[in-house]
Amino acid sequence: MPEPHKPTTLHLAAALSAPGAPRPYTAADWTRRVRLAEDGALDFVTLTDAFAERGPDALQALTVTAPATARVGLVPAVTTTHTEPFHLQAAVATLDWVSGGRAGWLPAVSTTEAEARLFGRRPAAPAAALWHEAAEVAEAAGRLWDSWEDDAEIRDLATGRFVDRDKLHYADFTGRTFSVRGPSIVPRPPQGRPVVVADTASPHARDLAARHADVALVHAQGPTAARAAREELLARAESAGRDPGTLRVLAVLTVDLGGGEYAAVPSHGGGGPRAGGAGSPAVYRGGPVDLAELVTAWHDTGAVDGFHFVPADPDRDLERLINGTVALLQHRGRFRTFYPGATLRDHLGLARPASRYTAARGADRSATTQGEPA
């Protein structure tokens, strides 16, 4: 029997671009990269975004790739600062519908005064306050996705009724900087709630990860540090009233596979990656085979549930990652060769959550029934 909360299934994901690197503008470029990740049966791909970066909107770019792909999860970064939570959740829900239940989102914050001036609504705020707001946006989004019960749509042409209004609910969420009433304008997404992926590079993001994330990304220079970060997040999730078994923890690793089949440089490979710069993820430079050894070693010791790879050169390294490292892990039986289901939650081994309002109505109905005389 596995130890409680010890990783079992290996999960792998990849970024479609390196932070700060120029991003393609054409749908064909994005689709090619996403299809490559899907060929390797990766759980999901991410696309970073920030108001300080120039380039296509990440959420819109991945929405374009959805019809051209079938299984891989699509997780854009979505900035919660200076944006309307109601519109944000509707856009992410739309991606879930367009992709057939493969959407996630990666909450991000905007900390600079220059970014604040782009909108002119309010000045920049401290990181702690912005991550608190991001957590509130995640809570509000979850309530809005639940605001339509699964069977709220009637679509009865004879009567002209589209929805059962008794199965639409007000979210009525009030945070420090915004309030949302609802219900959503988009029916409940196929996954119930699209997957929340939280990057914990900022210490202030860890509360959001523990309370709201389905996947947490950790930055660690070795398996010991990664294990400690994972255990801390699981403990915080449990303290928040969650089942820690519903949180997947992936290590962020920048991979530079430009050395082809050559062995990893000293301190890489099975021995672990080199440290990146301050606040940056660890960096692996070497060959695909040694990277497979690293992935196996970290996962076998229970350090992480898997990895989120950030290719140093996306066009080069993503191809070598899929056709080299991932193919080897599949050949050894360490990673799946096909998708276990149709949705991102299926890939992650996570159940589809019930609407909190459906559960509440069921509880009220049960209480009323029990109170009736026999």
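Me: What makes H1 and H9 count as being in contact?
Reply: Contact means heavy atoms within 4.5 Å. In this predicted model, Arg32, Arg33, Leu36, Ala37 and Asp39 of H1 meet Pro314, Asp315, Leu318, Glu319 and Ile322 of H9. By class, that contact has 5 nonpolar, no polar and 5 charged residues. Ala, Val, Leu, Ile, Met, Phe, Trp, Tyr, Cys and Pro count as nonpolar, Asp, Glu, Lys and Arg as charged, and the others, Gly among them, as polar.

Me: What should I know about the numbering and the model?
Reply: Residues are numbered from 1 along each chain as its sequence is written. The model is predicted, local features need pLDDT of at least 70, side-chain atom pairs count only at pLDDT 80 or more, and totals for chains, interfaces and linings use all residues, while side-chain values use heavy atoms, with hydrogens and water left out.

Me: Why are H1 and H9 called roughly parallel?
Reply: Helix H1 (residues 27–39) and helix H9 (residues 314–331) pack at an angle of about 15°, with their axes 9 Å apart. Angles under 35 degrees count as roughly parallel, over 145 as roughly antiparallel, 65 to 115 as roughly perpendicular and the rest as oblique. H1 and H9 are therefore roughly parallel to each other. Their crossing is left-handed.

Me: Why is H3 called oblique to H5?
Reply: Helix H3 (residues 85–99) and helix H5 (residues 127–146) pack at about 60°, with axes 9 Å apart. That angle makes H3 oblique to H5. H3 and H5 cross in a right-handed way.

Me: Which residues make the contact of H3 with H5?
Reply: Pro85, Phe86, Leu88, Gln89, Val92 and Ala93 in H3 meet Val137, Ala141, Leu144 and Trp145 in H5. The classes in this contact are 9 nonpolar, 1 polar and no charged residues.

Me: How do you know which residues line the largest pocket?
Reply: A pocket is an open set of points on a 1 Å grid where a 1.4 Å probe fits, with protein on both sides within 12 Å along at least five of seven lines; lining residues have an atom within 4 Å of a point. For the largest pocket there are 35 lining residues, with Pro19, Thr48, Ala108, Asp199 and Ala201 nearest its centre. By class, its lining has 19 nonpolar, 12 polar and 4 charged residues.

Me: What classes line the second largest pocket?
Reply: Its lining has 7 nonpolar, 3 polar and 9 charged residues. H5 gives the most to that lining, with 4 residues.

How values were computed:
Axes fitted to C-alpha atoms, helices over the stretch in contact; angles between N-to-C directions. Helix = DSSP H or I, 4+ residues; strand = E, 2+ residues; numbered from the N terminus. Left-handed = near helix turned anticlockwise from the far one by under 90°.
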